[in-house]
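Hi,

Here is the structure I promised to pass on. Have a look, and below it you'll find my notes.

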Amino acid sequence: MADRLFKSINARGLRGAVKGSEYKKEALISYGILVIGYILLQLGAMTGLIGHNLQGQFVPICVYISLAISLNLVVGISGELSLGHAGFMAVGAFTGIVITRVLENSIEFGPLRLIIAILAAAVMAAIAGFIIGIPILGLRGDYLAIVTLAFGEIVRNIMNVLYFGLDNNGHLKFAFNHTIEGIDTSQRVITGAIGATGVTKLATFTGAAILTAFTLFVVLNLKNSKQGRAIMAIRDNRIAGESIGLDVKKYKLMAFVVSASLAGMAGCMFGQNYSTLAPVKFNFNTSVLILVFVVLGGIGNIWGGMIAAALLTVLPEALRQFADYRMLTYAVVLILVMIGTYNPAIRARITAFVNKIKPKKKDKGKEKTGKEAA
Amino acid sequence: MKKNWTKFLVVALSVMMVFAMTACGGGSGDSGSSEGGDNALHLGGVGPLTGPAALYGNAVNNGAQLAVDEINAANPDGVQLVWDMQDDEHDAEKSVNAYNKLVDDGMQVLVGTVTTAPCTAVAAEAFEDRMFVLTPSASGPAVTEGNDNVFQLCFSDPNQGIASADYIKANYADKTVGVIYNNADNYSTGIYDKFKSEYEADGKKLAAVEAFSDDANADFTAQLNSMKNAGVDLIFLPIYYTPASNIMTQANKMGYAPTYFGVDGMDGILDLEGFDTSLAEGVLLLTPFTPYSDDAKVQDFVKAYEDKFGETPIQFAADAYDCVYAVYDAFGKTGLGTDASSADICEAMIKVFTGGDFTASGLTAETMKWNAEGEVDKTPKVCVIQDGKYVEQ
């Protein structure tokens, strides 16, 4: 036992040494995808090469990428399975809608209102993450997954009975039933399960891309910090982590709350992209969809998740030509990609191919296989 | 730096894939506009062709297709119509995507979207794009609110609630009335609100009111027990047919047999697979269309529809059929050519629809007029289900 522990700590130390260059590479690729993607899409939109259909998905793509990055913090870096990410998204989205509506008359400048709303959404989602995180982070694996799943459902069900409205003085009121005292139905901001209607849309592609960059910045920097290394050490070996004095609960909670807060910001952007938003959007399916992005992109692989999120968001639309068989085709493609990227035989072949076309450098191949095993 | 280049290759390939997909979309868009050259007006439709509300979307698709084929066949030298309907799975986000896809393909007028919540999201986009919208079946007040370019062919929800309450008060004055509605749905709460205020306007009281939401629409035991305990013998169901079928099946198991009164969302219950339609006997519903009407126009439509699609049309098919004719007639009055932009068509169509002297005639009503808010003015009808058929009351 002691021998294994020693080995593990030792391995951690070694890994810390190569961290610097690995971090640079990861950051370069991640920011590269974002910047190149943004420039290409923006150019495509300006020259008219990209039609309404894809342009309309620019903001959702950025939002889903942000969500994939933030969920990767919990699933990949902290090593806990969370099935309630859509719950934090919902908290952020509805906070954002209420805030922008309240400030509509006092702040004329749209982007400023959006920034305030996003900050408020981040705080609210972080509080939600903190409240849910404290009792559950003592749990592990499957149990945590089930509790986060329940959390997502609780948030949605609370939203189903929550009513917000503005009275004649512009003051915000809320209630848990159909009628709010002194408020006309037309003054309602959020109407229970119907959600919000008549939202003034503030989301823009540039805004969403900046948000994605910010999310990336936070997650990558956290991953590369002392705290990030502690989080990963606990993921790899909890006992070893505890034995060298790491506060397991504190670090797990840190990852969870940061992830929740970032999901809330992304949710806020999503809510500001449509004139209507209902709580049913944030059901279990959405949580699983985000998890699929993370798994498909490779758990812990930030830029892999980004690409998976973008492709899987665009895919159902790109398959419209299959008409009735569209969603069937989508499912088949998803299964094929999952099998393709996780089948050891196919992976070995891809690795062999990559090694072949790669400029010859012996140690590179070793590092690759080492990473896969991890 | 050098060792990173393969990773960049992967990234570049992925980005190219995205572009390749877009190019596919763009390609079909080009073919769409080339069709536009031969004197054709491009109508687009958005609705649930898959998912829980698919029956409505498909009915609208079929009904509109039938009208388009008729118009094209009747007048081969005149304005031809091109119909394209896209799936939205009854989801606002996907509905906006579907709408944008149609815009890419050169749509000039939108006949849709079919359901209310997605229509509200699409209406906001259409308002910005200046696209004329005539929805066959999205009945929520939020659809037309603030959008001068959006018109409804169906009754708005408030009007359905008021008409239902008046009818029940006039014909079933001695019944104890209860309501089960879906509080997660604009449509259902919209009707319920007005029904309640109209029904309780002169001192009557609803004996029991129960709600459910989209996520819990399988088990109605609690709601039905509440109805039974309150002595309710007429349940008003301003909901869609799938949960309604569950309510009827479970009430039957409990040995509880009230009278049911539905609105247009109930339409389609007789075509629901796996549902014992004998349970729907005696159900009353407010619907502007019944396929068993003696009206010659309706009979012709039903026959053509059955021949083509092998099923009896529901109200949504008739609504869509009327929509296409209304758009076609109104477009004729604008005097524009089919090469006009969607924005020009939109402005001209708004003038025609709100001009005051434009009336459309169709299967769902002899005369339909529109006000500046986009709401339709026509007479409601109530039917009862007898021997598996709708019979006009």
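In chain B, strand β10 (residues 284–286) is joined to β13(B) by three bridges, and the two run antiparallel. (Strands are DSSP runs of E with at least two residues, helices are H or I runs of at least four residues, and both are numbered from the N terminus; two strands pair if DSSP finds at least two bridges between them.) Within that pairing, Leu285(B) has Cys383(B) of β13(B) as its bridge partner.

Before I go on, this is a predicted model, so to speak of a local feature I needed pLDDT of at least 70, side-chain atom pairs count only at pLDDT 80 or more, and totals for chains, interfaces and linings use all residues. Residues are numbered from 1 along each chain as its sequence is written, while chains are lettered from A and ligands numbered from 1 in the order in which they are written.

Back to β13(B): four bridges link this strand to β14 (residues 389–392) of chain B, again antiparallel, with Val384(B) partnered by Val391(B). The two strands make a hairpin with two residues between them, and Asp387(B) in the turn has a positive phi of about 50°.

Of its 223 residues, Ala68(A), Met269(A), Val324(B) and Val327(B) touch the most other members. Helix α3 (residues 58–77) of chain A gives the most, with 15 residues.

Leaving aside neighbours within four places in sequence, Met269(A) is in contact with residues including Val63(A), Ile118(A) and Leu211(A) (contact: C-beta atoms, placed from the backbone, within 7 Å). Ile118(A) sits in helix α5 (residues 110–136) of chain A. Why does Ile118(A) count as buried? Because 26 other C-beta atoms lie within 10 Å, and the cut-off for buried is 20 or more (exposed is 12 or fewer, partly exposed in between). Ile118(A) and Leu211(A) are 93 residues apart in sequence and 9.3 Å apart in space, C-alpha to C-alpha.

Cheers

Methods:
A nonpolar core is a set of buried Ala, Val, Leu, Ile, Met, Phe, Trp, Tyr and Cys residues joined through C-beta atoms within 7 Å. Two residues are in contact if their C-beta atoms, placed from the backbone, lie within 7 Å.
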